[in-house]
Each structure stands twice: as structure tokens, then as C-alpha cells.
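Here are my notes on this one, as promised. Have the model open while you read.

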Amino acid sequence: MLITSKDNNRIKEVRKLLNKKYSLQKGLFVIEGENLVEEAIKNDLLVELFVLDGYSCNYEFNYDTVTLDVMKSMSDLKSTPRLLGVSKIKNNNKIGNKILILDGIQDPGNAGTIIRNSVAFDIDTIIFSNDSVSPYNEKVLRSTGGMIFNTNILIGNIEELIKEIKDKNIKVIGTSLKSSISLEKLEKIDEFAIIFGNEGNGVKEDILNLCDKIVRIDMNPKCESLNVGVSSAIILYYLYK
């Protein structure tokens, strides 16, 4: 079926899913491009697929073709995608025992990189604070390289969730440049929650006060700090190996 009108009800519904609040209410989000569509199909999460008219699609999934104007109306990308899908949000609402918490992360590229790092180093649950960028932002999704479908993501009040984590006797580790504890002095533990903070301000003081330990990464004093995506890779690798 070729859809030619931007006023088509299904097309309108896809556009509404670009709104963070509506997307979470529906448990669905928009994905754009071959990589994300392939991962969604692989994980049995794809609900709908729209293909740009004239593009050859070989997926074993029912799809509709759309005109260039219709595809542009559904997309947030500067360059119009050839494939656009609607995926279920993978969320079982259960907190695991290797947890990463993001406190006020704003940059989509950082958030996507951290999701990718988390999958690489065996994190089973990622918690986004309510004031962080949405994990379903299209720039975040592209930065994950499709890894968004391979982990459990929660969004919520992290103070409440930290208390829930501590009730399970899981150690909560904060990160701060001001800490006196070097990462190398942190003992290896099988169950933990590690917190990374806002790009400019770090982890909030009231969140740090809830932590069992706070660590820093030692570095050359000529360098004041590392990008949070890089920092997460270093610390998660240390906890993983």
C-alpha cells in the first residue's frame, strides 16, 4: 500500500510518538534507518514499518510505502530516511543487579554512547533520571548503534529508585572528580549500581549523599575532566574485567 497523504491517521499517530510523554504512555517509539530497524526485527519489537517509495526493502516484515513528503513529515532527521519504523519499548520494569544510573545527562550523543558501553560491559539495567534526555530521542538512538534493544531501560525518580536498590543490599557507587577514592582502590563486586552525572555539574550532591562509595578516575592534572561517555567506558570496563 502506498500512503500519499500526511493526514493519514497512521502517519499522524507516528508524528505524535515523536513527543516524549506520548511515546512513553503508548510504550512505543519511532526508529529511523536500516540499523535500528534490523535490530528491532531481530528482537521481535518492530510494530510498523514504512518504506520510502522506490526503495527496495528485503525484510520479512509487512510494510507500507510512503511518498517523500510523507516520510519527511514523520522524521526528525535532516536527511530523509529510507526506512522508518515504530518499535515497542523494551522495559520489564524490573531492576537487575548490575545497574547504571544517569543523573541529568543532557547530550544525546553521550546518552547513546553510555547505552552502548553498558551493553558491552554487561550492565543489565539502565536508569534515566526524569531530567535526563529521553533514551528514545532519535539522536540518542542513532548513537546506540542499535544497542537500545539489548538492555532494560527505566525512567524515573532516581532518589526513590536508589532507595529501592539499597533495599536489595546492592552497593551504590557515585562518581566525582572531588572524591578521595581512586577507581583502582574500588573492590570488585558482583552486584552494584554506578551513577554518572550531568556533563557540566556532575552527580547532584543529594544523590552523592545516598551513595555507599564515591570514586574518581586518576588522570594527568593537565586534563581537568573526561567526557562522561569516555568516563563510563573506563569505569564499566574496570567493573567488568
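Predicted model: local features only at pLDDT ≥ 70, side-chain atom pairs only at ≥ 80, totals over all residues.

1. Residues are numbered from 1 along each chain as its sequence is written, and side-chain values use heavy atoms, with hydrogens and water left out.

2. The sheet is open, with five strands in the order E1-E4-E3-E5-E2 and mixed pairing. (Strands are DSSP runs of E, at least two residues, and helices are runs of H or I, at least four, numbered from the N terminus; two strands pair if DSSP finds at least two bridges between them.) E1 (2–3) and E2 (28–32) are the edge strands, each with a single partner, so one side of each has no neighbour in the sheet.

3. E3 (residues 46–52) and E4 (residues 64–66) run parallel, paired over three bridges. Look for Val51, whose bridge partner in E4 is Thr65.

4. The largest nonpolar core has 42 residues, and Ile31, Leu100, Phe128, Ile148, Phe149 and Ile194 touch the most other members. H9 gives this core its largest share, five residues. (A core is a set of buried Ala, Val, Leu, Ile, Met, Phe, Trp, Tyr and Cys residues joined through side-chain atoms within 4.5 Å; buried means under 20% relative accessible area, exposed over 50%, partly exposed in between, with a 1.4 Å probe and protein chains only.)

5. Ile234 also sits in helix H9 (residues 228–240), but counts as partly exposed because its relative accessibility is 33%.
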